Amino acid sequence: MKKHHATGHDATLPPAGFKLYGRILSFARGYFLIFFLGVIANALYSGVDATMTYMLKPIVNKGFVARDAHFLLWLPLIIIALVFCRATFNYFSTYFMALVSRSVVMNMRKTIFRHYLKIPAYYYDNNSTGELLSLMLYNVDQVARITSTAIIQVFQAIFLVLGLLVVMLSVSWKLTLIFCVIGPLMAVVIKSSNRHMRRHNHGLQKGMGHVTNIAEESITGYREVRTFGGEPYEINRFDEAVKKNRSRELKIAVLQVVNTSGVQLLGSLALALVIYLATSHASTQISTGSFVALVAAMIALLKPLKQLTNVNNIFQAGFAGAQSIFRFLALETEQDTGTLSPARIQGNIEFDIQSFIYPKTEKVVLRNIRFSVQAGKTCALVGRSGSGKTTLVSLLPRFYELADTSDIKLDGQSVKAFTLSVLREQIAVVSQHVGLFNDTIFHNVAYGVMREKSEAEVIEALKLAHAWEFVEPLPEGIHTLVGENGLLLSGGQRQRLAIARAILKDAPILILDEATSALDNESERLIQKAMDRLMVGRTTIVVAHRLSTIEKADQIMVLDAGELKEQGTHESLLAQGGYYRKLYDMQFQD
Ligand SMILES: Nc1ncnc2c1ncn2[C@@H]1O[C@H](COP(=O)(O)OP(=O)(O)OP(=O)(O)O)[C@@H](O)[C@H]1O
Ligand SMILES: [Mg+2]
């Protein structure tokens, strides 16, 4: 017990719980009046229950012992009135509390979703989609339960306990004292299991993220799973994960029942004592009606007590869920302290990178990279797989932060000096893995800030991207849905849509990360033509795998293991007969 207070670990839990609950309820801003009304309705509901218990005293004394005819006449009406009130209060308390909790869920999901869109890229690299999603789906729901069912039960139970205590005190204060001794003992039992409960709940929620993740990977990667015979492995992995969760759930269930039984045992002990004292000692003897009401009240007390211990589990789960949510919401967002916001830059780019390391990793991925690209020119990045080409271009729109010793300048201004939105407005990206949305072709091309573009403009862009050839014959034309991640389209078609999107954006800087996957000659030729069209009048940095792209570039940067190995034009580099020559011979000469 001493340690309890000294370390403060357990002692701080209830206040932390209240503080946490306060933070959870802050998501119910604007609904406090409703919450308050819900609490009142709850109090009234429990008041009716207590009154009904108290009624046993006059029913027995007046009805059965004294046979008061006038009272017996009114009794049925009183009962009906009470039951009617009970139902009404129950309706309002449930409705108001549900309104509050569903609003908490809605607001929490909104906040989490907004945060998804602001956290830095590395967070996505290091956390699985399943974990991120389960936070918003599973955890939020657990939190919701503590603002609805659980809180209703708590209020009902507390008010009922209070009401019943009043009934008992008014019947016999001496006998009621027994309960006051047992009460604190119950509190000790409940508290001791809280910490374990919360720990298991944290494990359970993490486990849910794992389960979601495995399912998600198997669903999105169904082709790989089936063709590589991954079914047994995935099934095994999934079974393990759900089995682990089951064992956590069982532990929680056991803790819960031990908890409840302990409390009930103490309750019945009090009841037995009361019955003994009320019937055998002169100083504590009471009338028949009082005795019936007292015993009924004590029996009635067991229910809210059980409810309170049961609900405790829901609270521990909710708190654990809320803690993870708040930890996620505390993650810092992308730094956006720049102030420059020119309408349109010219497009001169200077790279000055001393070194770059991905957050949370050790390996130096880029080292001593210094070169510039003049506005309107095309710069090709070539190099072996893993040499750092994609990394280099992803630094331009600031997907990753540069160290203070490195910088990239646009028209002589550091990329850090621009506001993020304006900086990204200057850049159109066609990435290695084309990202499409489960929407129409029209909305996939006119996406985001281009949402307001007209149909004619979109069709024009599709034509320039040589995508119109396959879009036009579709039954619903540009209003055809492309399926999740554009899966209803071929790889080449997806790329041409991405190019159309970049054309429509009409940004001064273009980043092309050519797909390494080989396409047939026809698609290859079409994409090439589309890209040529796109590059006109823009500063282009192209991660090039195609000889045709490389040959046309104004300058070629050859990367090897994160370092700039050679630079020049295609001819000069070939003539040099160095690393590029070797690369060229390997890749393009049969
Ligand atoms: N998000 C990331 N977090 C940590 N390390 C990364 C990340 N992305 C890439 N890397 C590492 O950085 C190095 C360079 O990767 P990068 O994707 O830039 O290569 P690349 O030249 O584009 O290769 P490819 O031609 O195959 O696309 C690799 O060693 C890779 O392991
Ligand atoms: Mg790459």
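In the predicted model, 14 residues of domain 2 are in contact with twelve residues of domain 3. The domain assignment places domain 2 at 347–426 + 508–515 + 523–590 and domain 3 at 437–506, while domain 1 covers 2–329. Between domain 2 and domain 3, the C-alpha centres lie 26 Å apart. The two domains bury about 1,100 Å² between them, and 65% of this area is on carbon and sulfur atoms. On the side of domain 2, the residues that lose the most area to domain 3 are Leu526, Ile527 and Leu534, which together account for 36% of what that side buries.

Polar interactions across this boundary were counted as well. One salt bridge is found between domain 2 and domain 3, and two residue pairs, both at pLDDT 80 or more, are in polar contact. With regard to the elements involved, α14 (420–425) and α19 (521–535) are those that give two or more residues to the side of domain 2 that touches domain 3. Of these, α19 supplies the largest share, namely seven residues. When the residues on this side of domain 2 are sorted by class, eight are nonpolar and six are charged, whereas no polar residues are present. In a salt bridge of the model, the side chains of arginine 538 and aspartate 506 meet at 3.0 Å, taken from N to O.

Alanine 465 was examined individually. This residue lies in the loop between α16 (455–464) and α17 (468–471), and it counts as buried because its relative accessibility is 0%, under the 20% limit. Leaving aside the neighbours within four places in sequence, alanine 465 is in contact with Arg496, Ile499, Ala500, Ile503 and Ala530. Alanine 465 and threonine 53, by comparison, are 412 residues apart in sequence and 79 Å apart in space, C-alpha to C-alpha.

Backbone angles were considered next. Most residues other than glycine have a negative phi. For arginine 67, however, phi is near 55 degrees, a positive value in a residue other than glycine, and for arginine 398 a positive phi near 60 degrees is likewise found. Arginine 67 is placed in the loop between α4 (56–65) and α5 (69–116), and arginine 398 in the loop between α13 (389–394) and β4 (407–410). With a relative accessibility of 59%, arginine 67 counts as exposed, because this value is over 50%. Arginine 398, in contrast, has a relative accessibility of 4% and therefore counts as buried.

Definitions and conventions
Residues are numbered from 1 along each chain as its sequence is written. Chains are lettered from A and ligands numbered from 1 in the order in which they are written. This is a predicted model: local features need pLDDT of at least 70, side-chain atom pairs count only at pLDDT 80 or more; totals for chains, interfaces and linings use all residues. Side-chain values use heavy atoms; hydrogens and water are left out. Domain bounds come from an automatic or database domain assignment. Contact means heavy atoms within 4.5 Å. Buried area is the accessible area (1.4 Å probe) that two parts lose on being put together, summed over both. A salt bridge is a side-chain nitrogen of Lys or Arg within 4 Å of a carboxyl oxygen of Asp or Glu. A polar contact is a pair of N or O atoms within 3.5 Å; within protein, one must be able to donate a hydrogen and the other to accept it, and residues adjacent in sequence count only if both atoms are side-chain atoms. Helices (H or I, at least four residues) and strands (E, at least two) are DSSP runs, numbered from the N terminus. Ala, Val, Leu, Ile, Met, Phe, Trp, Tyr, Cys and Pro count as nonpolar, Asp, Glu, Lys and Arg as charged, and the others, Gly among them, as polar. Buried means under 20% relative accessible area, exposed over 50%, partly exposed in between (1.4 Å probe, protein chains only).
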